[in-house]
Structure formats: C-alpha cells, structure tokens
Amino acid sequence: MNNCRHLIRLYSRPLLLPSIWKRAKGYKVVKRPDPKTLKMPSLADAPSLMDIIKEKIRLNGPLTVAEYMHIVITNPTEGYYMKKDVISEAGDFITSPEISQMFGEILALWFYSETSKMGTGKPLQIVELGPGNGTLMIDFLRVLNRLNYKPNDLSLHLVEISSTMQLVQANRLCAKHNECDIESPYNREGQTVSGIKIYWYNDLKKVPLNFSWYIAHEFFDVLPIHKFEHTENGWRELLIDMDENQKLYYRISGEETPSAKLLIRPPLQADRTELEISPRALGIARQLAERVDVHGGLVLIADYGHEGEKGDTFRVGVS
Ligand SMILES: C[S@@+](CC[C@H](N)C(=O)[O-])C[C@H]1O[C@@H](n2cnc3c(N)ncnc32)[C@H](O)[C@@H]1O
C-alpha cells in the first residue's frame with residue numbers, strides 16, 4: 001500500500017511529463033556516410049610502436065617487461081617480426097642454420113638415429129617452433145629424402161606468430177600454398193615440390209597430438225620475461241614507466257606484483273639479487289613434455305642460456 005502511494009505521487013509530479021516529451025522530440029534521423037566515400041586509414045598512418053607503448057602506459061600505468069616485450073615482438077603492424085625478414089646478413093642478425101647447411105642436417109640425423117631406437121618413426125610429424133626463414137626445415141628435408149622418407153611418410157607443422165615470416169617460410173618451402181579460413185586450426189597450408197604437406201599455426205596447442213620430432217632453435221629466447229630485483233622488502237618486479245618528458249624508464253614496483261607472488265618459487269640461490277622468469281616459456285616447455293610423454297617423440301631445444309649465474313640478460317632495441 002505504501003509503495004502504491006509512492007508511485008501515485010511520482011507520476012503526478014507535473015515537471016516530469018514535459019521533460020519526457022522533450023526528449024522524445026529530441027531524436028532525429030542521422031544520415032550515415034556512404035562507406036564507399038569513407039577514407040580508410042592506411043598502414044602508413046598506423047601509430048608507431050613507441051606511440052602504442054606510451055599510450056598503454058598513459059591509460060593503464062607502468063608495463064611489466066613481459067607486456068612490453070609482447071607488444072614489441074608481436075604487435076600486428078609494428079612488431080619486430082611482423083614487418084620484414086630480420087634474419088640475414090643484410091638484416092639484424094644471423095642464426096646457425098643460415099651459416100651452414102650442416103647445422104640442420106646434423107640435427108636431422110640426430111633425430112633419425114634416436115627415433116630408429118624407438119621404431120619405424122613413420123608416419124612422422126615434424127614440428128618446428130619459430131622457423132625463421134625456413135632454412136633449418138629445408139636442410140631437414142634434404143636429409144629425410146636421402147633416408148628414403150616418402151612424401152606420405154611425413155608432414156611439417158610450423159608454429160610461427162608472424163604472418164610475414166609465415167609467408168617467407170611458405171615461399172621458400174612450398175611449390176604452392178594458401179591461407180586458410182578462420183575455422184581451421186592452421187592459418188596456412190602448402191605442399192613442397194615433392195608433395196610433403198606443410199601447415200602453419202600461431203600456437204603449439206593447435207598442432208595435432210601425434211608422435212613428433214619437435215625442434216625449437218633460438219625460439220625460447222624471444223618469449224617475454226618478467227624481471228625481478230631483490231630489495232630490502234623482498235622480491236619486487238621491474239616495470240617500464242614514462243617520465244614527464246615522455247621518456248621511458250625502469251622503476252621498481254612498490255608492492256609485490258601478482259607475477260612476483262605467482263612466479264618466484266623458493267628455493268633460490270642465497271646470493272641472487274636479480275631474476276628473469278618467462279611463464280610463456282615454462283608453459284610451452286610443459287606442453288612439449290606432456291606431448292612427448294603421452295604421444296611419443298623427441299624434443300630438441302637449442303638456445304642461449306646460462307647456469308643461473310647471470311642476472312640481467314635483457315637488451316632493449318627500441319629507440
Ligand atoms: C630468433 S628467430 C629464430 C629463427 C630460426 N629458428 C633460426 O634459427 O633461424 C625467432 C622466430 O620465432 C618467431 N616467433 C617469435 N615469437 C613467437 C611466438 N610467440 N610464437 C611463435 N613464433 C614466434 C619469429 O617470428 C621468428 O621466426
């Protein structure tokens with residue numbers, strides 16, 4: 001009864017009605033622009049990597065080093081591996097497969113000799129993480145051809161985040177290749193001159209679970225890391241912030257960040273004052289171990305590293 005009285009009082013207020021009436025009258029039909037006449041932004045108008053990073057800091061506060069690395073490496077228009085092929089003498093750096101074909105050939109022989117202890121090794125699925133220019137795979141296939149593997153005995157599965165690099169690899173490895181639709185687990189497929197099938201994925205999770213040779217050469221060292229320093233208050237995360245002159249600088253977090261809570265696990269060497277931890281690398285290493293454990297195969301990881309004696313290995317290459 002009380003509520004009823006309240007409603008009557010509300011609707012009998014004289015001022016409400018004119019304002020509702022005015023609002024209804026206030027709407028007017030807006031003519032939308034014809035999409036054909038719209039000028040679409042071109043890639044040249046895309047914001048620079050530095051602008052993207054600064055905008056993120058402005059909006060959300062300091063970035064973790066892992067967030068910073070993720071943007072720098074994988075931003076779809078400006079990311080390091082997204083714009084051009086950087087692995088060559090004319091590019092930024094060179095890797096072992098580019099120096100001598102023997103590198104890939106010896107690795108293929110190692111896989112073959114280990115696999116023959118387990119069985120026929122056919123059909124064989126070869127999975128490469130971060131294949132660069134595709135040179136290592138070219139050398140692998142040369143050896144497998146000599147060892148009498150036929151096109152139906154094997155398939156290649158390349159895990160590559162950059163569509164630019166996928167195209168570089170496809171042009172070097174395939175007689176024909178094409179992009180696949182969004183529903184497919186792989187985003188590109190192709191065939192070598194001899195008819196070996198090749199598939200490209202942006203994530204290891206999408207690669208079929210079969211007996212496989214897994215190779216990751218200079219792949220783990222590009223994955224984002226979190227950086228921590230030991231302070232008098234305990235382990236604190238290094239963050240990337242921006243000063244009043246818009247210059248980026250390192251600062252140390254005042255509080256324990258969620259990554260510090262989650263990732264730092266004792267026991268640690270007593271004299272350690274710096275730590276670099278990559279949850280992405282740990283996740284991929286775990287996936288590889290589970291795949292081999294359940295479905296069989298071999299994993300070869302070749303990369304830069306240390307025995308736990310180094311603190312700071314991160315180099316910033318953006319100016
Ligand atoms: C340092 S290059 C190594 C290339 C090659 N393995 C070699 O030895 O010449 C790293 C490669 O990993 C790719 N990459 C970087 N981050 C990746 C990610 N999160 N997932 C898959 N590929 C990635 C890059 O595009 C590039 O092809």
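Predicted model: local features only at pLDDT ≥ 70, side-chain atom pairs only at ≥ 80, totals over all residues.

Let me begin with the ligand. There are 18 residues around the ligand, and those that come nearest are Thr-95, Gly-130, Gly-132, Glu-160 and His-217. For three of these residues I can give you a distance to an oxygen atom of the ligand. In Thr-95, a polar atom of the side chain lies 2.5 Å from a ligand oxygen. His-217 also uses its side chain, where an N or O atom is 2.6 Å from an oxygen atom of the ligand.

I turn now to the helix pairs. How are helix 3 and helix 4 oriented relative to each other? Helix 3 covers residues 49–60 and helix 4 covers residues 65–74; their axes are 10 Å apart, and the packing angle is about 150°. The two helices are therefore roughly antiparallel, as angles over 145 degrees are counted in that class. The crossing of helix 3 past helix 4 is right-handed. On the side of helix 3, the contact is formed by Leu-49, Ile-52, Ile-53 and Lys-56, while helix 4 contributes Tyr-68, Ile-71 and Val-72. Sorted by class, this contact contains six nonpolar residues, one charged residue and no polar ones.

The second pair consists of helix 7, residues 101–116, and helix 8, residues 135–146; here the axes come within 8 Å and cross at roughly 55°. Helix 7 is therefore oblique to helix 8. Once again I can report a handedness: helix 7 passes helix 8 in a right-handed crossing. From helix 7, the residues in contact are Gln-101, Phe-103, Gly-104, Glu-105, Leu-107, Ala-108, Leu-109 and Phe-111, and they meet Leu-136, Asp-139, Phe-140, Arg-142 and Val-143 of helix 8. What classes of residue make up the contact of helix 7 with helix 8? Eight are nonpolar, two are polar and three are charged.

Finally, I come to the backbone. The peptide bond that joins Lys-122 to Pro-123 is cis, with omega about -5°. A cis peptide bond is also found from Pro-266 to Pro-267, where omega is near 5°. Pro-267 belongs to the loop between helix 10, residues 258–263, and strand 11, residues 274–277.

One further residue deserves a mention. Asn-148 is not a glycine, yet its phi is positive, near 75°. You will find Asn-148 in the loop between helix 8 and strand 3, the latter being residues 154–159.

Thank you for your attention.

Definitions and conventions:
Residues numbered from 1 in each chain as written. Heavy atoms only, no water. Axes fitted to C-alpha atoms, helices over the stretch in contact; angles between N-to-C directions. Helix = DSSP H or I, 4+ residues; strand = E, 2+ residues; numbered from the N terminus. Parallel < 35°, antiparallel > 145°, perpendicular 65-115°, else oblique. Left-handed = near helix turned anticlockwise from the far one by under 90°. Contact = heavy atoms within 4.5 Å. Nonpolar A, V, L, I, M, F, W, Y, C, P; charged D, E, K, R; others polar. Near = heavy atom within 4 Å. Polar contact = N/O pair within 3.5 Å; in protein donor to acceptor, adjacent residues only side chain to side chain.
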